[in-house]
There are 2 protein chains.
Amino acid sequence: MATIIQKHGRATVRDVARAAGVSLATVDRVLNGRKGVRQSTIDKVEKAVADLNYTRDVSASLLARATSARIHFVLPAGANPFMHHLEAAVARQADIAAQARLAIEMSTVPALNAEALVEEIDRLADEKCDCAVIVATDDDAVRRAVARAQTKGMPTITLVSDLPQSKRRAFVGIDNEAAGRTAAALMGRFCPPHSQIGLIVGSLDLRDHRDRFVGFSEIMLDEFPGIEIIGPAEGFDDARETAKRANELLNDNPRLAGIYSVGAGNEGLLATLRQRISPGRIRVLVHELTDASREGLAAGYIDAVLNQNVDREAERAIALAQILAVHPTAELDRRPVEIGIYLRDNVI
Amino acid sequence: MATIIQKHGRATVRDVARAAGVSLATVDRVLNGRKGVRQSTIDKVEKAVADLNYTRDVSASLLARATSARIHFVLPAGANPFMHHLEAAVARQADIAAQARLAIEMSTVPALNAEALVEEIDRLADEKCDCAVIVATDDDAVRRAVARAQTKGMPTITLVSDLPQSKRRAFVGIDNEAAGRTAAALMGRFCPPHSQIGLIVGSLDLRDHRDRFVGFSEIMLDEFPGIEIIGPAEGFDDARETAKRANELLNDNPRLAGIYSVGAGNEGLLATLRQRISPGRIRVLVHELTDASREGLAAGYIDAVLNQNVDREAERAIALAQILAVHPTAELDRRPVEIGIYLRDNVI
DNA sequence: TTCGTTTTGAGGTACGTAACTCAAAAAGGG
DNA sequence: CCCTTTTTGAGTTACGTACCTCAAAACGAA
């Protein structure tokens, strides 16, 4: 009845050396990819590893590893609450990562400023940082900087906002088109078959916002053809501007059934809603769990929140960066981060 | 601009000993709770620990720890697909846990059989297992067995299905009333204000199903008073029975707008839907991502799935068990596991 | 004071890997 | 065959903690 899944008596490098008929030093050379070992010997060792089902003891490995890998996060400065959450998440994960001999550093550059980001990437590549994790601004100068860094031996990972067609080694974030499609699937079911839904984005120049809009439109046209999409209006991820856009939506469309807020600035949206309507009159869908969106959920002004879990993202970015720092040519897991859906009663 | 969040040069036990003006052995005694140290000395050491911000190096600690803690999972045998997923998740996490010097064992007992579960708990307690993790059957004999085990020094954690009013040290699972409330919030928005929603549970004798039903009813009556709840009918977590209940619901209520399937057996529900209606005609909400529910989502027969992440649950249970194994009187994190909501485009 | 008890110190070994040196052995080229 | 280069072996040190022993010191009570 009882099955022991794993017990602690695992094979060690000594066992591998004995099984392969070589010395400890040779096993070490093979395992850590040092040169000066004949291919036939490498094969012998790898066979022994496979036969004994040897896996590196992570605790011992970390303990013995003298130097910490340097992983550097570059985040947009003084941006919206979401970015502050992301920053906090990186700091939290940094504490955990320190146990794994990873030195996590963080710096900020002005938001939406490609030049500043480029400068920072170049600086990091020069001072032999092991891996950069950036919230990318979609700009060709940034693409070139990423390529330069890769040449100099520093791989780059994009976080939250991707940089397609670039030399970045991985993207950690949600699939924003899928997020838009999911938003449409919810809103389409929330609203009457013949109604109007207003869209507010931060800016259509932002890749993630554009992707969400594309996904949303696709499903709406396909599955809820009776529903009319109003907009998108641009709120520039700013509370005041977003409040204005929401006011305009309500003024111009008295029979509006829903609002999908694609970007940030939800404090402003919420303020307008509180001022203009009673909770539940129109269906409201926003992105990211923040103080404002939690409050909106609790008060009934917001029906659902699509969220990317920043802790999971920071953790994932660090895990991938660690792999790259140790094994620069490794194949990385390409799965996007999960899109969380929160209503009032399942917020965390 | 750049901020180093953590670097690797941390304080060690030697630093603590020096700062406290005591020997290494004394620091060791204090840190590991061994007896024979004067309170005034304990205070000195703890002050030094605080001053130096000392934290145990987990890698070294694990490496030095000779023995593995034994953590034993007891799951219901041959049950539904969800339980098989849970089993697989435990096995996956066991591999990871082995790195942390944890020996994860697993056994199965007949489902819904309190006597067999009691026997297994007693057996584990006698053979000095460090912690048991059980999917509880709600029965007083089980409560007594858990209490006996606790007396013998083996703490118990409940998984997925709780055992309230017992000596279990923690529960790892979702808040099922909150899940029911969330289901109602979705269904209430999905369906017209005056319509009928059919409920199918496994059994009202199952605590989690009853809790979900209670939460669902609460929100429905409160926020969607025009919607009528039909049932609940009992499908006994069985595909055939659940198919029959779904058929009956469709026969008896030609204007049914939605079905909320609270328990398992969704293969049966899906079969009936495929046979009787076209995708999207009625809104369908089920629990747990399984082959059947994924298929239903993809085909458009299921609108949304409420899910508990079994990997997260297994991981959490192991983490809590580890704390209990090392520090039996520790206070444990009481937060429930997150309730995931999945539509077609955000499944993982 | 003296005895017994409690508390503390000093020192050791072990865990499994990383990273290094130096010498010895094997391979390869002419 | 010798000579050079490459490959391998043997051994050491280090990482930070856990756990152990034995002796020395401090303490408390009579």
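This is a predicted model: local features need pLDDT of at least 70, side-chain atom pairs count only at pLDDT 80 or more; totals for chains, interfaces and linings use all residues.
## Chains and domains

Two copies of a chain are related by a rotation about an axis and a shift along it. In this model, chain A is superposed on chain B by a rotation of 180° with 0.1 Å of shift along the axis, and the RMSD is 0.1 Å; that is the relation of a two-fold axis. Within chain A, the C-alpha nearest the axis belongs to Ser59(A), which lies 2.1 Å from it.

Chain A is divided into domain 1 (13-56), domain 2 (69-172 + 311-337) and domain 3 (176-308). Between domain 1 of chain A and domain 3 of chain A, the C-alpha centres are 58 Å apart.

## An aromatic pair between the chains

Over all chains, a search of the whole structure finds three aromatic pairs. One of them is formed by Phe190(A) and Phe190(B), whose ring centres lie 5.9 Å apart with the planes at 40°, so the pair is tilted. Phe190(A) belongs to helix α8 (residues 176-190) of chain A and Phe190(B) to helix α8 (residues 176-190) of chain B, so the pair joins two chains. Both Phe190(A) and Phe190(B) are buried.

## The second largest pocket

The second largest pocket has a volume of about 1200 Å³ and a lining of 37 residues, among which Asn32(B), Arg56(B), Ser61(B), Leu62(B) and Arg65(B) lie nearest its centre. Two or more lining residues come from each of α1 (13-20), α2 (24-31), α4 (58-64) and α13 (310-326) of chain B, and α4(B) gives the most, with five residues. By class, the lining of this pocket has 17 nonpolar, nine polar and 11 charged residues.

The position of the pocket can also be described by domain. Domain 1 (13-56) and domain 2 (69-172 + 311-335) of chain B both give residues to the lining, so the second largest pocket lies between them.

## The cavity

A search of the whole structure finds one cavity of 30 Å³ or more, and the largest cavity has a volume of about 220 Å³. It is lined by 19 residues, of which Arg312(A), Glu338(A), Tyr342(A), Glu338(B) and Tyr342(B) are the closest to its centre. The elements that give two or more residues to this lining are β12 (339-342) of chain A and, from chain B, β11 (304-308) and β12 (339-342). Eight nonpolar, seven polar and four charged residues make up the lining of the largest cavity.

## Backbone features

Most residues other than glycine have a negative phi, and most peptide bonds are trans. In chain A, a cis peptide bond with omega of about 10° joins Gly231(A) and Pro232(A), and Pro232(A) is placed in strand β8 (residues 228-234) of chain A. In chain B, the peptide bond from Gly231(B) to Pro232(B) is cis, with omega near 10°, and Pro232(B) is placed in strand β8 (residues 228-234) of chain B.

Positive phi values occur at Gln165(A), where phi is near 60°, and at Asn53(B), where phi is about 55°; neither residue is a glycine. Gln165(A) is found in the loop between β5 (156-159) and β6 (170-172) of chain A, and its relative accessibility is 75%, so Gln165(A) counts as exposed. Asn53(B) is found in the loop between α3 (39-52) and α4 of chain B, and with a relative accessibility of 61% Asn53(B) counts as exposed.

Terms used. Residues are numbered from 1 along each chain as its sequence is written. Chains are lettered from A and ligands numbered from 1 in the order in which they are written. Side-chain values use heavy atoms; hydrogens and water are left out. On a 1 Å grid over the protein atoms alone, a cavity is a set of points where a 1.4 Å probe fits but cannot get out, and a pocket is an open set with protein on both sides within 12 Å along at least five of seven lines; lining residues have an atom within 4 Å of a point. Grid points are joined across faces, edges and corners, and a volume is the space filled by probe spheres set on the points. Helices (H or I, at least four residues) and strands (E, at least two) are DSSP runs, numbered from the N terminus. Ala, Val, Leu, Ile, Met, Phe, Trp, Tyr, Cys and Pro count as nonpolar, Asp, Glu, Lys and Arg as charged, and the others, Gly among them, as polar. Domain bounds come from an automatic or database domain assignment. Rings of Phe, Tyr and Trp (its six-membered ring) pair if their centres lie within 6.5 Å; planes under 30 degrees apart count as stacked, over 60 as edge-to-face and the rest as tilted. Buried means under 20% relative accessible area, exposed over 50%, partly exposed in between (1.4 Å probe, protein chains only). Copies are superposed by least squares on the C-alpha atoms of residues with pLDDT of at least 70 in both.
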